[in-house]
Amino acid sequence: MTRIHDMGGRFGDGPIPLKKIDGKVVDDEPVFKTDWHAKAFSITVASASVGKWSIDKGRFFRESLPPKDYAKFDYYEKWSSALINLLVERELINREDLIDITKKAKENNLKVSQVTDEHQDVLKAKDVAITLGRGGPSAREVLHSPKFRVGQEVRTINYSPNKNIIGGHTRLPIYARGKKGTVILHHKGHVLPDASAHDLGESPEHLYTVEFLSTELWGEKDGNQKDSICIDLWESYLI
Amino acid sequence: MSDKKNVEHNHDKHHHHYHSLLPEEPELRVKAIETLLLNKGIINSDTVNELIDTYENKIGPRNGAKVVAKAWVDPEYKKRLLKNATRAIEELSYTGRQGEHMVVVENTPEVHNVVVCTLCSCYPWPVLGIPPTWYKSDEYRSRTVREPRKVLQEFGLELDLNTQIKVWDSTSEMRYLVLPMRPVGTEYLSENELESLVTRNSMIGTGLPEMPK
């Protein structure tokens with residue numbers, strides 16, 4: 001089973017959508033192309049203070065959008081749609097709220113009322129800089145010693161590594177399953193997305209960067225002899 | 001259906017389709033969500049504006065350009081940057097969200113690095129800001145790991161066949177910044193002048209720094 005977001009190595013996508021003038025790339029895109037992009041971004045970031053989902057859960061909800069929606073949605077449509085699904089799952093809003101607000105939206109009757117009881121965890125404007133500056137580090141102490149060392153040859157497992165959930169979140173891309181590579185960096189312990197995405201705790205594991213030859217991933221004919229792909233992989237993804 | 005796995009399976013069906021109850025038109029959809037969340041006290045309108053202002057005006061690729069220019073003129077800083085990028089970047093006060101764990105990869109005549117996120121759109125926000133549309137596109141995500149040379153050609157970058165391309169697929173919370181090679185003939189330039197040559201694409205690996213005029 002696969003999910004639509006796992007698209008590394010897929011054929012058929014066409015040229016990179018770049019702005020070019022006289023054949024030269026021009027990099028002058030505004031940070032947010034439209035007001036609603038800016039809003040979709042900022043309401044998602046702000047809501048996480050109350051919803052308290054992990055970054056992994058946020059990603060899982062985006063990649064779990066129905067494939068037809070995922071394929072046709074603009075980037076920020078994915079964000080705003082996944083946000084709604086997260087808020088329902090967290091029971092911060094419900095189906096009736098959505099039906100009601102949609103009715104008002106269609107009647108051109110969206111009104112912001114005076115809020116007297118903000119949620120206790122709401123992100124305040126004065127705390128934005130410090131909250132962003134702090135971020136959410138994923139490094140964690142892991143008590144056991146690493147199973148692999150830098151320079152060691154390893155192989156990735158050839159099935160979805162999520163042990164708990166069928167169709168669950170994982171960060172081992174399909175194109176790198178069952179492949180042989182070499183450990184080039186060891187990042188010590190990090191939260192395991194496969195657990196964190198499903199509210200199953202952090203289950204930190206050693207994290208490594210593994211370098212794969214292009215020919216190992218794509219075959220002798222398809223890969224370039226010189227080139228390589230470096231992928232961050234958790235210990236349980238490797239044998 | 002008492003089995004835990006089946007329960008989770010159902011979960012999947014139930015919790016990922018609520019968005020279809022909202023207006024289809026994206027601008028109206030976002031307006032509806034914003035109004036609902038403001039009225040529920042889940043978000044605050046000053047915060048919404050503050051977040052937009054932060055990424056439109058305060059956090060962006062000029063931060064990364066400062067890191068690169070400093071590494072070009074200060075060999076000791078460059079050593080620290082390649083050894084522990086998170087800490088070296090923090091010296092310039094760039095920290096936090098989507099840059100908690102930084103790795104800087106150095107371009108050399110032998111190796112050219114390029115960064116992608118095939119599974120979503122991971123990108124080092126504190127030094128590069130919010131990623132451009134092309135970085136988040138299916139085209140860039142699907143093709144860069146398989147045919148990096150063709151992708152780079154579309155950016156106008158023709159690399160020697162003897163140069164190794166290393167593609168970094170950002171699958172974890174490690175965030176990658178490319179340290180491009182300092183352009184030749186820039187020995188006389190100040191750190192500030194060098195900084196203006198550092199383009200966003202040169203720090204992703206899809207471009208090179210500009211040449212001095």
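Analyst: Happy to; we can go from the chains to the sheet they share and then to a few single residues. One thing to keep in mind is that this is a predicted model.

User: Good to know. What does chain B come to in helices and strands?

Analyst: Chain B has eleven helices and four strands. Its C-alpha trace spans about 65 × 40 × 35 Å along the principal axes.

User: And how much of chain B is buried?

Analyst: Of the 213 residues in chain B, 51% are buried. As for its contacts with a separation of 6 or more, 69% are between residues 24 or more positions apart.

User: Which domains does chain B have?

Analyst: The domain assignment gives chain B a domain 1 at 4-43 and a domain 2 at 60-204. The C-alpha centres of those two domains are 35 Å apart.

User: What about the domains of chain A?

Analyst: In chain A, the assignment places domain 1 at 31-134 and domain 2 at 153-237. Their C-alpha centres lie 30 Å apart. Five residues of domain 1 of chain A are in contact with five residues of domain 2 of chain A. On the domain 1 side of that contact there are one nonpolar, one polar and three charged residues.

User: Switching topic: how many residues does each chain bring to the contact between A and B?

Analyst: Chain B brings 84 residues and chain A brings 92 residues. Several elements of chain B supply at least two residues each, among them helix H1 (4-15), helix H3 (45-58) and strand S3 (164-169).

User: Which element gives the largest share on the chain B side?

Analyst: That is H2(B), with 14 residues. By class, the chain B side divides into 32 nonpolar, 27 polar and 25 charged residues.

User: Now the sheet. Which strands are in it, and in what order?

Analyst: Six strands form an open sheet, in the order S3(A)-S4(A)-S5(A)-S6(A)-S3(B)-S2(B), and the pairing is mixed.

User: Where are the edges? Which strands pair on one side only?

Analyst: The edge strands are S3 (153-155) of chain A and S2 (111-116) of chain B. From one strand to the next, the twist averages 35 degrees.

User: What holds paired strands of a sheet to each other, in general?

Analyst: Strands of a sheet pair through backbone hydrogen bonds, and they can run parallel or antiparallel.

User: How do S6(A) and S3(B) run, parallel or antiparallel?

Analyst: S6(A) and S3(B) run parallel and are joined by four bridges. To spot one on screen, look for Cys230(A), whose bridge partner in S3(B) is Trp168(B).

User: And how many bridges are there between S5 and S6 of chain A?

Analyst: Strand S5 (residues 205-213) and strand S6 (residues 228-234) of chain A pair over seven bridges, in the antiparallel sense. Leu213(A) has Ser228(A) as its bridge partner in S6(A).

User: What about the pairing of S4 and S5 in chain A?

Analyst: Strand S4 (residues 180-190) of chain A pairs with S5(A) over six bridges, again in the antiparallel sense. An example is Gly189(A), with His206(A) as its bridge partner in S5(A).

User: How many residues of S5(A) are buried?

Analyst: Seven of the nine residues of S5(A) are buried, and the strand is mostly covered.

User: Okay, single residues. What is the phi of Lys188(A)?

Analyst: Lys188(A) has a positive phi of about 65 degrees, although it is not a glycine. Lys188(A) sits in strand S4 of chain A. Lys188(A) is partly exposed because it has 13 other C-beta atoms within 10 Å.

User: And Asp199(A), where is that?

Analyst: Asp199(A) is in the loop between helix H7 (193-196) and S5 of chain A. Asp199(A) has a positive phi too, near 55 degrees, and is a residue other than glycine.

User: Why does Asp199(A) count as exposed?

Analyst: Asp199(A) has 12 other C-beta atoms within 10 Å, and a residue is exposed if it has 12 or fewer.

User: Last one: what is Gly156(B) in contact with?

Analyst: Leaving aside neighbours within four places in sequence, Gly156(B) is in contact with Lys24(A) and Val25(A). You will find Gly156(B) in the loop between H9 and S3 of chain B. With 15 C-beta neighbours inside 10 Å, Gly156(B) counts as partly exposed.

How values were computed
Residues numbered from 1 in each chain as written. Chains lettered and ligands numbered in written order. Predicted model: local features only at pLDDT ≥ 70, side-chain atom pairs only at ≥ 80, totals over all residues. Domains from an automatic or database assignment. Pairing = 2+ DSSP bridges. Axes fitted to C-alpha atoms, helices over the stretch in contact; angles between N-to-C directions. Contact = placed C-beta atoms within 7 Å. Nonpolar A, V, L, I, M, F, W, Y, C, P; charged D, E, K, R; others polar. Buried ≥ 20, exposed ≤ 12 C-beta atoms within 10 Å, placed from the backbone.
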